[in-house]
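Hi there,

Here is the structure I promised to pass on. Have a look at it first, and then read my notes below.

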Amino acid sequence: MSRQRSVLALGRCLACLEFMLFPVWRGIGTSNGAGWTQGWGRCLRWDSESPNRGTRFLVFDYPVWLVLCRRGRARLREVCQRGRGAIRLPTDMLSIKLPQVFEIHQIPKVFREDSIISGYRHPCSSALDCVLSSFHLNNETVNIWTHFLPTWYFVWCFCALCSKMNFLNDSYTWPLLVYMLLICIYPFTSSCAHTFSTMSPESRHICYFFDYGALSLYSLGCAISYGYYVMPECWVNSWLHQHFVLIAIGNTLFCTSMSCYSRFVELQFPKRSKVLRTGAFVVPFIFDTVPLFYRVVLWLWGSCSQSDALSSHCYHLLFAFLTCFLFTAHLPERLAPGRFDYIGHSHQLFHVCAVVGTHFQMEGVIADMTTRRAWLQTHSVMPSFLGTIGALAVSLALNLGVIAIFSAPLLWKPGHASNQQHTSACESKEQ
Ligand SMILES: [Zn+2]
């Protein structure tokens, strides 16, 4: 009895479902109602044998029970095919394969990151795979987006400034022009480096050479803008002020060379590599920030008044120290290796802090530029083309030369050796 009840309940459910899904078919069934219904009766003979269940036949007066009738299965198949044709899904579109991710032991050492255990991309990805990987969660996805999106924020800020300032004819704005160009370029280069760093071991090194080059040029942008707008009043026209941009160009060469070199010793001497790379970025940062430190010290001693620009600069310094700390400490992933592989590891936080710091730095530079304009135009020399855009062009050419020198051994090594390494990298992934 309970079995019969269950079957009847199931029949009702299926009938309702069928009624909703195949109303047209129901119409067909209704037109030939007698024939279908007779079929039910024949097939559900056990129900008619029950004395109190005669009325239950009404329940089965639905074509869903065709499967139990003569030629019912064929009829059902035909209708299902019609239904499928009507609501066909774009299965080709849904069958796009997302790139696979790998564990740390499946990839060559050169691709491994400290305390990141999983989420690695294929070490020999194609350029298209690399681009697609930015839309699928792996341990680089957030790194890519945390510098790609801010690029457009800074481009938007730059466009807004272009509508307010006369960058073409007003030489006083040229240091800001150089600075704005470079804060748009460095996050974009970094985003590209993180995107395409898994095409091969060589491409990984070259991508990060460009990343380091863009960062060292950004340090030049900081030096040019600080040299013209942020310099303390008592240092204006001093020897340091006059040679500030020139020394900064030298710093970019030191920074790019040292950071690129650090990649060559990374596998053999990881600690030495880390010290070299950190030093490469800390030296230009300290040099650029010396005038700002001095202004902050003067403010703390009460020798100068608090201003909006100084507040922004202080926030920038706070985030700059946080950025440096995250870069060197590798926290939080060192405390719990594997827990922060995809979201929350130190490099992502480092990107976010760098971008937030740059935002405050931009605010501070713009505030100093506008509020100190009258004083600086009276007491200091106006920015020259050579000292701003010329310095950027010279530094860009020199840094590209440094990158070319470090890239040459990777690109021009004997073909078979390169292919061998490339193949072994791919093979080690497959294992
Ligand atoms: Zn990065």
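Let's start with Ile183: leaving aside its neighbours within four places in sequence, Ile183 is in contact with Phe154, Tyr218, Gly221, Thr358 and Met362. Here, two residues are in contact if their C-beta atoms, placed from the backbone, lie within 7 Å.

Some ground rules before you go on. This is a predicted model, with local features needing pLDDT of at least 70 and side-chain atom pairs counting only at pLDDT 80 or more, while totals for chains, interfaces and linings use all residues. Residues are numbered from 1 along each chain as its sequence is written.

Ile183 also turns up in the largest nonpolar core, which has 51 residues; Ile183, Tyr179, Tyr218, Ala223, Ile224 and Val365 have the most contacts inside it. A nonpolar core is a set of buried Ala, Val, Leu, Ile, Met, Phe, Trp, Tyr and Cys residues joined through C-beta atoms within 7 Å. Buried means that 20 or more other C-beta atoms lie within 10 Å of the residue's own (12 or fewer is exposed, in between is partly exposed), with C-beta atoms placed from the backbone.

Which helix gives the most to this core? It's H10, with 18 residues. Helices are DSSP runs of H or I with at least four residues, strands are E runs of at least two, and both are numbered from the N terminus. There is also a second, separate core of seven residues, including Phe319, Leu349, Phe350 and Val355.

Now for two helix pairs. H8 (residues 141–164) and H14 (residues 346–371) pack at an angle of about 10 degrees, with axes 8 Å apart. Axes are lines fitted to C-alpha atoms, for helices over the stretch in contact, and angles run from 0 to 180 degrees between N-to-C directions. H8 and H14 are therefore roughly parallel (under 35 degrees; over 145 is roughly antiparallel, 65 to 115 roughly perpendicular, the rest oblique). Among the residues that meet are His147 and Cys157 in H8, and His351 and Met362 in H14.

The axes of H9 (residues 174–196) and H16 (residues 386–411) come within 8 Å and cross at roughly 30 degrees, so H9 is roughly parallel to H16 too. Trp174, Pro175 and Val178 of H9 make this contact with Thr388, Ile389 and Leu392 of H16.

Lastly, an unreviewed UniProt entry annotates "transmembrane region" over several stretches, including 174–196 and 208–231. Over residues 174–196 the chain is 100% helix, with end C-alpha atoms 33 Å apart. Residues 208–231 are 96% helix, and their end C-alpha atoms lie 32 Å apart.

Cheers!

Key. UniProt positions renumbered as here; feature names shortened; annotations may be inferred.
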